Amino acid sequence: YISQTSGLPKSTVWNIIKKTESTGELTNHKGTDGPRKISTANGRRIPSIIKKNPQTPVRQIRNSPQELGVDLSMTNLRRRLHEQKYRGYTARYTPLVSRKNRMARLLFAKKYLKEQ
């Protein structure tokens, strides 16, 4: 009856009732996240280290606590880099012979084929 009047599926209504009976309230509890290990100011300092040398591996940044001021785990450091929109990329493959050179070589080859 409740699901028909509210327009919600029976399973949703059932889950709400079950939650109310077990906890005594309907509100969602805040997550149990711990405090951040690194401040936002230090978090912004990490990309500046990367900008100095983009090939710097995360392990090397982690092993230099004097630059960060805090001992961070690899996961935490990667997470901060991801928040700052830093992601690992590999260079795109480019052929050794450019399109322009390919055409020039082809014309050269065709020219000498005709002569023979």
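A residue counts as buried under 20% relative accessible area, as exposed over 50%, and as partly exposed in between. In this predicted model, Ser73 has a relative accessibility of 34% and therefore counts as partly exposed. Ser73 is found in the loop that lies between α5 (65-68) and α6. Although Ser73 and Thr90 are 17 residues apart along the chain, their C-alpha atoms are separated by 24 Å.

Between Leu96 and Pro54, which are 42 residues apart in sequence, the distance from C-alpha to C-alpha is 24 Å.

In soluble globular proteins, nonpolar side chains tend to be buried together. Here the largest nonpolar core has eleven residues, namely Ile38, Ile46, Ile49, Ile50, Val58, Ile61, Val70, Leu72, Met74, Leu77 and Leu81. Three helices, α3 (40-52), α4 (58-62) and α6 (74-83), each supply at least two residues of this core.

Arg80 is found in helix α6, and because its relative accessibility is 8%, Arg80 counts as buried. Once neighbours within four places in sequence are left aside, Arg80 is in contact with Arg36, Ile38 and Ile46; Ile38 and Ile46 are both among the residues of the largest nonpolar core.

Arg44, by contrast, has its place in helix α3 and is exposed, with a relative accessible area of 54%. The C-alpha atoms of Arg44 and Leu81 are separated by 9.0 Å, while the two residues are 37 residues apart along the chain. Leu81 belongs to the largest nonpolar core.

## The largest pocket

Rolling a probe the size of a water molecule over the atoms shows where empty space is left. The largest pocket holds about 320 Å³ of space, and its lining consists of Ile50, Pro54, Gln55, Thr56, Val58, Arg78, Leu81, Tyr86, Arg87, Gly88 and Tyr89. By residue class, the lining of this pocket divides into six nonpolar, three polar and two charged residues.

A pair of aromatic rings is described by the distance of the centres and the angle of the planes. A search of the whole structure finds one aromatic pair, formed by Phe108 and Tyr112, whose ring centres are 4.7 Å apart and whose planes stand at 50 degrees, so that the pair is tilted. Both residues lie in helix α7 (residues 99-115), where Phe108 and Tyr112 are four residues apart, about one turn of the helix.

The two partners fall into separate accessibility classes, since Phe108 is exposed at a relative accessible area of 51%, whereas Tyr112, at 38% relative accessibility, counts as partly exposed.

Notes: Residues are numbered from 1 along each chain as its sequence is written. This is a predicted model: local features need pLDDT of at least 70, side-chain atom pairs count only at pLDDT 80 or more; totals for chains, interfaces and linings use all residues. Side-chain values use heavy atoms; hydrogens and water are left out. On a 1 Å grid over the protein atoms alone, a cavity is a set of points where a 1.4 Å probe fits but cannot get out, and a pocket is an open set with protein on both sides within 12 Å along at least five of seven lines; lining residues have an atom within 4 Å of a point. Grid points are joined across faces, edges and corners, and a volume is the space filled by probe spheres set on the points. Ala, Val, Leu, Ile, Met, Phe, Trp, Tyr, Cys and Pro count as nonpolar, Asp, Glu, Lys and Arg as charged, and the others, Gly among them, as polar. A nonpolar core is a set of buried Ala, Val, Leu, Ile, Met, Phe, Trp, Tyr and Cys residues joined through side-chain atoms within 4.5 Å. Buried means under 20% relative accessible area, exposed over 50%, partly exposed in between (1.4 Å probe, protein chains only). Rings of Phe, Tyr and Trp (its six-membered ring) pair if their centres lie within 6.5 Å; planes under 30 degrees apart count as stacked, over 60 as edge-to-face and the rest as tilted. Contact means heavy atoms within 4.5 Å.
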